[in-house]
Amino acid sequence: MRLLIAAVGRLKRGAEHELAASYRKRAQASGRPLGLREVEIIEIRESRAQNADRRRIEESIAIANVIPERAIVVILDDGGENLTSPTFAALLRKWRAEDRPAVCFVIGGADGLAPSLGERANLKLAFGAATWPHQLVRIMLLEQLYRAGTILAGHPYHRA
């Protein structure tokens, strides 16, 4: 099963980029034996539209165009569900068992996402009620993908 992160905005060089790359590499290594393929990141260009509604629509269209057919769509949203790491890992296991081709995690831009994209979501996921910069959300998601792989493999990284 492919793991895809569609994120509005670029992760610039520096500490955040290095940390994201480290967790991405770990997630790929822990997930490969479990049937979780490479973690692919697609960076969506931020819209330059003057109107926030127009920016949301343009960015959401660009995201919708990269979501694979039959993929599970998970939108990162501060109003979404707060899941424990074992619950998140169990969802990945379930989706893999359903023979879904991919899970696409969506990280929207500063103005959010168009409602039509939200309607496609199989899950809205939050990392707490706080609003986080998209760079940190990407790092936290990559860490959770790594953690999920270690949980599914029985590795001691996750200690509850």
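The structure is a predicted model, in which local features need pLDDT of at least 70 and side-chain atom pairs count only at pLDDT 80 or more, while totals for chains, interfaces and linings use all residues. Residues are numbered from 1 along each chain as its sequence is written, and side-chain values use heavy atoms, with hydrogens and water left out. Five strands form an open sheet with parallel pairing, and a search of the whole structure finds three aromatic pairs.

**Confidence**

- The average pLDDT (the predictor's confidence in each residue, from 0 to 100) is 93 for the protein, and 99% of the residues score at least 70.
- Confidence is highest in strand β4 (residues 102-107), with a mean of 97, and lowest in helix α4 (residues 115-119), with a mean of 92.
- Helices (H or I, at least four residues) and strands (E, at least two) are DSSP runs, numbered from the N terminus.
- Where pLDDT is low, the predicted coordinates should not be read in detail.

**The sheet**

- The strand order is β2-β1-β4-β3-β5; two strands count as paired if DSSP finds at least two bridges between them.
- β2 (39-44) and β5 (123-126) are the edge strands, each pairing on one side only.
- Neighbouring strands are turned by 30° against each other on average, direction ignored; the axes are lines fitted to C-alpha atoms, for helices over the stretch in contact, and angles run from 0 to 180 degrees between N-to-C directions.
- Strands of a sheet pair through backbone hydrogen bonds, either parallel or antiparallel.

**Strand β4 and its partners**

- Strand β1 (residues 2-8) pairs with β4 in the parallel sense over six bridges.
- On the β1 and β4 pairing, Leu4 stands opposite Cys104, and Ile5 has Phe105 as its bridge partner.
- β3 also pairs with β4 in the parallel sense, over four bridges, and Val73 stands opposite Cys104.
- β3, α3 and β4 make a right-handed β-α-β unit; right-handed means that, with the strands pointing away from the viewer, the path from the first strand over the helix to the second runs clockwise.
- Six of the six residues of β4 are buried, where buried means under 20% relative accessible area, exposed over 50% and partly exposed in between (1.4 Å probe, protein chains only).
- Both faces of β4 are covered, with Ala102, Cys104 and Val106 on one side and Val103, Phe105 and Ile107 on the other.

**Loop residues with positive phi**

- Arg70 is not a glycine, yet its phi is positive, near 65°; Arg70 sits in the loop between α2 (52-64) and β3 (72-82).
- Asp99, likewise not a glycine, has a positive phi of about 60° and is found in the loop between α3 (85-97) and β4.
- Asp99 is exposed, at 58% relative accessible area.
- From C-alpha to C-alpha, Asp99 and Lys12 are 34 Å apart in space, and they are 87 residues apart in sequence.

**Aromatic side chains**

- Rings of Phe, Tyr and Trp (its six-membered ring) pair if their centres lie within 6.5 Å; planes under 30 degrees apart count as stacked, over 60 as edge-to-face and the rest as tilted.
- Of the three aromatic pairs found, one is Tyr23 with Tyr146, a tilted pair at 6.4 Å centre to centre with 40° between the planes.
- That pair links distant parts of the chain, with Tyr23 in helix α1 (residues 15-31) and Tyr146 in helix α5 (residues 134-153), 123 residues apart.
- Tyr146 and Tyr157 form another tilted pair, with 4.6 Å centre to centre and 55° between the planes.
- Tyr157 lies in the segment after α5 and Tyr146 in helix α5, so the pair ties together parts that are eleven residues apart in sequence.
- Tyr23 is buried, as is Tyr146 at 12% relative accessible area, whereas Tyr157 is partly exposed at 24%.
- Tyr23, Tyr146 and Tyr157 form one aromatic cluster.
- Arg26 lies over the face of Tyr146, 5.6 Å from the ring centre; a charge sits over a ring if NZ of Lys or CZ of Arg is within 6 Å of the ring centre and within 35 degrees of the ring normal.
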